[in-house]
Number of protein chains: 2
Amino acid sequence: MDRVPLERKVLNENDRIAADLRARFAACGVLCLNLVSSPGAGKTSLLERTLDGIAPGLRVAVLTGDIQTDHDAARLARFHFPVRQITTGGTCHLDARMVDRALVGWPLEGLDILFVENVGNLVCPAGYDLGEEAKVVVLSVTEGEDKPLKYPGIFFRSSLMLLNKIDLLPFVPFDADEAERNARRVHPGLPALRVSTLTGAGLPDWFAWLGDRRRQVALARAASSV
Amino acid sequence: MDRVPLERKVLNENDRIAADLRARFAACGVLCLNLVSSPGAGKTSLLERTLDGIAPGLRVAVLTGDIQTDHDAARLARFHFPVRQITTGGTCHLDARMVDRALVGWPLEGLDILFVENVGNLVCPAGYDLGEEAKVVVLSVTEGEDKPLKYPGIFFRSSLMLLNKIDLLPFVPFDADEAERNARRVHPGLPALRVSTLTGAGLPDWFAWLGDRRRQVALARAASSV
């Protein structure tokens, strides 16, 4: 247990930077969302769909994290929104300092929504505040309905669960109702949306949720400046 | 970078325990395999199929790791092989000490194969030697063929890649040949088997691989006792 005091120090430093980021996002009226999932659950596909379908006039940017490669930034760049890759070089999660550094030179004032796509990992990202307004956990129906119980940290800390790849429901042994019940045993009342980033099913609900959260952030900013 | 010296110390301690475990496995002629994958890629299903179909007379045991819950041990116990759950309580990987402790009281002499099912995480388990003979990485076809490039550590350190859920290939945008090419860009010559733990497709190849590795371990033990 030698590591505990040092880990606490590292986390305190992270929390301090995250608090600074949160204050900057709030001051600029930017909705920052931290997307977390297993590898391959569909975070990048969700972002592709989101950038492709977002309401005209909304100003969106993406920070996308990976251990290696800049494939995701390349996939997302074709939508002509600002995208930056954070390559962690082996680290299994994003931390607030990485986000802070990646934002250097980006005018947050000009943004409505900032998506932060975390490293594909259901465990470690749960422990690192990035200054986001909300975490969104993506669970794909191929992963099994027990995952909220086995990885409770991220489901407890998320404000929304997206159940992705529902187009595959006819072909996999997966009980979507049970998955939502399991998520709510960990996090009572957790909202859940069922989507397919392949077919587009359910995405209007995701856009509606985004719009609501975006308006809340804008209202809070207006109220604070009265 | 405060953490580096302490992490090195923790890893050195892990390597020391892992080396002890490896020596014990070798002395007893036990083939120890460390199964690693994303959450929900099918490690537990693979073990269910394996315990169900293993050649009569082979003596097999399982250590199954999870952050929370003992669901996997419960799923595996019905095959009447010895199964023990390691619940890490938040830690994102198994380490050698956890395996060492879980083996207390288990007579390794009576075993042919010990499966260690790691925590569902493609990142952190790659860094921890458990004294295994080989790591086996399970990648499911729903996760995308780019994953070996994005999570190279575990593909580099594994002795076999199992491409699971091939029954879903008609329904997902996944190029299995490209996935194998990507894995071999990280790890030239890495053997790969295509399987479905749902339908049983490809499992005879897995059993053949297991049999070969098991015979190699038994031969090495016999040779060392000449």
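Reader: How buried is Trp209(B)?
Author: Trp209(B) has a relative accessible area of 12%, so it counts as buried. Buried means under 20% relative accessible area, exposed over 50%, and partly exposed in between, with a 1.4 Å probe and protein chains only. Please note that this is a predicted model, in which local features need pLDDT of at least 70, side-chain atom pairs count only at pLDDT 80 or more, and totals for chains, interfaces and linings use all residues. Residues are numbered from 1 along each chain as its sequence is written, chains are lettered from A and ligands numbered from 1 in the order in which they are written, and side-chain values use heavy atoms, without hydrogens and water.

Reader: Which ring does Trp209(B) pair with?
Author: Trp209(B) forms a stacked aromatic pair with Trp206(B), at 5.9 Å centre to centre and 10° between the planes. Rings of Phe, Tyr and Trp (its six-membered ring) pair if their centres lie within 6.5 Å; planes under 30 degrees apart count as stacked, over 60 as edge-to-face and the rest as tilted. Trp206(B) is buried, with a relative accessible area of 0%.

Reader: Where do Trp206(B) and Trp209(B) lie?
Author: Both lie in helix H8 (residues 203-224) of chain B, three residues apart, about one turn of the helix. Helices (H or I, at least four residues) and strands (E, at least two) are DSSP runs, numbered from the N terminus.

Reader: What does H8(B) pack on?
Author: In chain B, an open sheet of seven strands has the order E3-E2-E4-E1-E5-E6-E7, with parallel pairing; two strands pair if DSSP finds at least two bridges between them. The twist averages 20° from one strand to the next. H8(B) packs on this sheet, touching E1, E4, E5, E6 and E7 of chain B, where contact means heavy atoms within 4.5 Å. The direction of H8(B) makes about 140° with that of E1(B); axes are lines fitted to C-alpha atoms, for helices over the stretch in contact, and angles run from 0 to 180 degrees between N-to-C directions.
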